[in-house]
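Dear colleague,

Please find the structure below.

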Amino acid sequence: MNRYIKPMLAAVIATAAACSPTDELHTDTIANEAELTISVNTQELTRAMITDSVLPDESELCIGIFNPDGSNYMGKNYGHLYYKAENGPGTQIWKPSSQVLLGEGEGVLYACYPYPKYANGNIRDIYVEANSYSQDDFMYAGPYPGLNVENKHVDITLKHALAAIKLTTRRGSYEGPGAIRSIGLGGYCGGYNGNFDVIQGKFTKVNTGGIIYPTTSFSLSDGPNEQYIMLIPTGEPGDLMIRITIDEVYYTKTIPNFMIEQGKITNLNLSV
């Protein structure tokens, strides 16, 4: 009986060897995915609070990748990805906290800067501040459609989400020493915090009525003083309130129907 078992055993071994996985099969599987790479620049300088065409090294960026219908790309949680800028050889390199892979299906990319401290898991609802303590530029980008294993690099151009007022203060008819201790802007044409939807490219909620006091101390005798104050645009005109302290006396002025626009600087001249 042994003479029949041995040939059968040899046949089973030969069959198993013929069906073992090959290197070709492994290579084809890997080729179905490719790592995302990005480069980042900012919108035109005339409207920028950040005046360089690239962000500073060590900057932190948030990226979201979705299917065209807004669902999770390839079923992955790519709605709130972290990237950091590093100084490379003659260029800036953006590195993710973990590898981001693109597949054969189409992905749509969105981005925002800086990386948000507070977000509900993705970039559709980001809390943004523009107050006396936080005057950081907030920027966004997208949509960038057509991402896949063959189209894996995106040149991102960030746009400005906030509005800015360039306030120029100079002496007019005021005859006192002119020591300015503080100037504040606010009211109802712009807000101090809100929620931004990167996919829609607009604020979905804005809290108004507050006054923003940047750090200010100067004298009217020194000539015109310029400063930039960022606000969250409401998209509608409203009252702009100016509060100024001169020689320890407090003054208030209201400008009705004042309009500020997202991504733009509005000039405001104040003669005292």
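**Strand S9 and its partners**

Strand S9 and strand S10 (residues 153–160) are joined by two bridges and run antiparallel. Two strands count as paired if DSSP finds at least two bridges between them. Strands are DSSP runs of E with at least two residues, helices are runs of H or I with at least four residues, and both are numbered from the N terminus. Please note that this is a predicted model, in which local features need pLDDT of at least 70 and side-chain atom pairs count only at pLDDT 80 or more, while totals for chains, interfaces and linings use all residues. Residues are numbered from 1 along each chain as its sequence is written, and side-chain values use heavy atoms, with hydrogens and water left out.

Gly107 stands opposite Leu147 in S9.

**The sheet**

Which order do the seven strands of the open sheet follow? The order is S2-S10-S9-S7-S3-S4-S5, with mixed pairing. Strand S2 (37–42) and strand S5 (92–96) are at the edges; each has a single partner strand, so one side of each has no neighbour in the sheet. From one strand to the next, the twist averages 30 degrees. For such angles, axes are lines fitted to C-alpha atoms, for helices over the stretch in contact, and the angles run from 0 to 180 degrees between N-to-C directions.

Gln227 lies in strand S17 (residues 225–233). Is Gln227 buried or exposed? Gln227 is buried, because its relative accessible area is 10% and buried means under 20%, with exposed over 50% and partly exposed in between (1.4 Å probe, protein chains only). Apart from neighbours within four places in sequence, Gln227 is in contact (heavy atoms within 4.5 Å) with Ile165, Lys166, Leu167, Ile183, Pro214, Thr216 and Phe218.

**The chain as a whole**

The protein chain has two helices and 20 strands. Of its 272 residues, 41% are buried. Among contacts between residues at least 6 apart in sequence, 73% join residues at least 24 apart.

Yours sincerely
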